[in-house]
Amino acid sequence: MMLEPRGEPAQEALGRQLAGLLRPPLIVYLEGDLGTGKTTLTRGILRGLGHRGTVRSPTFTLLEPYDLGTWRLFHLDLYRLADPEELAYLGLRDLLDQDSVLIVEWPQRGGLALPPADLEIRFAYQAEARVLEFLPHSPAGKALVAALAALRAGHRADSPAGASGVSREVARH
């Protein structure tokens with residue numbers, strides 16, 4: 001599935017939609033150039049899960065933990081990771097329990113030290129918008145994408161024709 005959010009508010013709103021669909025355990029990779037909105041989407045997810053504090057990009061800390069009551073979300077940004085072995089020092093194995101969701105920016109820098117993703121979201125620039133491609137890699141990832149598609153279909157059915165929504169679905173290239 002591909003979506004095209006137009007602007008930061010739309011990308012954050014898409015994150016809020018995703019928030020209601022996340023179920024631990026889950027690993028989500030966010031891939032794309034600098035400035036494509038990976039942290040913006042994550043901020044929307046956290047807002048949708050009820051987090052009211054600051055949402056920082058973990059570019060320098062590599063990891064930001066969020067306790068969400070019954071489960072935890074860990075936001076990793078591996079852009080500045082010098083060596084995949086550094087993930088062991090972060091306690092990555094300890095983060096991979098049944099009560100957590102991992103959102104990983106720049107996962108390619110983690111190499112084989114990272115577990116495989118349930119869902120990969122690829123971000124690309126396009127004019128005044130971003131194109132987000134959702135690629136499921138597990139049954140949990142497939143269920144999430146199917147639920148998002150159904151949710152968005154319901155939103156389109158409730159919206160008047162021509163109304164500007166969170167984003168529009170785009171045809172695959």
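**Strands, cavity and core**

Analyst: Strands β6 and β7 form a hairpin with two residues between them, and A127 in the turn has a positive phi of about 45°. Strands here are DSSP E runs of at least two residues and helices are H or I runs of at least four, numbered from the N terminus. Before we go on: this is a predicted model, where local features need pLDDT of at least 70, side-chain atom pairs count only at pLDDT 80 or more, and totals for chains, interfaces and linings use all residues. Residues are numbered from 1 along each chain as its sequence is written, and side-chain values use heavy atoms, with hydrogens and water left out.

User: How many bridges between β6 and β7, and in which sense do they pair?

Analyst: Eight, antiparallel. Pairing needs at least two DSSP bridges between the strands. A124, for instance, has V131 in β7 as its bridge partner.

User: And what joins β2 to β6?

Analyst: Four bridges, with β2 (residues 26-31) and β6 (residues 119-126) running parallel. V28 is partnered with L119 of β6.

User: Switching topic: how many cavities of 30 Å³ or more turn up?

Analyst: One, from a search of the whole structure. A cavity is a set of points on a 1 Å grid over the protein atoms alone where a 1.4 Å probe fits but cannot get out, and lining residues have an atom within 4 Å of a point. Grid points are joined across faces, edges and corners, and the volume is the space filled by probe spheres set on the points.

User: What lines the largest cavity?

Analyst: L18, L22, V28, L30, L41, I45, I103, L119, I121 and L144. β2, α2 (38-48) and β6 each give two or more residues to that lining. The lining counts as ten nonpolar, no polar and no charged.

User: OK, and which residues have the most contacts inside the largest nonpolar core?

Analyst: L18, L41, I45, L73, I121, F134 and L148, in a core of 28 residues. A core is a set of buried Ala, Val, Leu, Ile, Met, Phe, Trp, Tyr and Cys residues joined through side-chain atoms within 4.5 Å, where buried means under 20% relative accessible area with a 1.4 Å probe, protein chains only. Another core lies apart from it, with 16 residues, including Y29 and F74.

User: What does L148 touch?

Analyst: M1, L3, L14, Q17, L18, L21 and F134, leaving out residues up to four places away in sequence. Contact means heavy atoms within 4.5 Å.

Technical notes: 1 Å grid on protein atoms, 1.4 Å probe; cavity = no way out; pocket = protein on both sides within 12 Å on 5 of 7 lines; lining within 4 Å. Nonpolar A, V, L, I, M, F, W, Y, C, P; charged D, E, K, R; others polar. Buried < 20%, exposed > 50% of the residue type's maximum accessible area, 1.4 Å probe, protein only.
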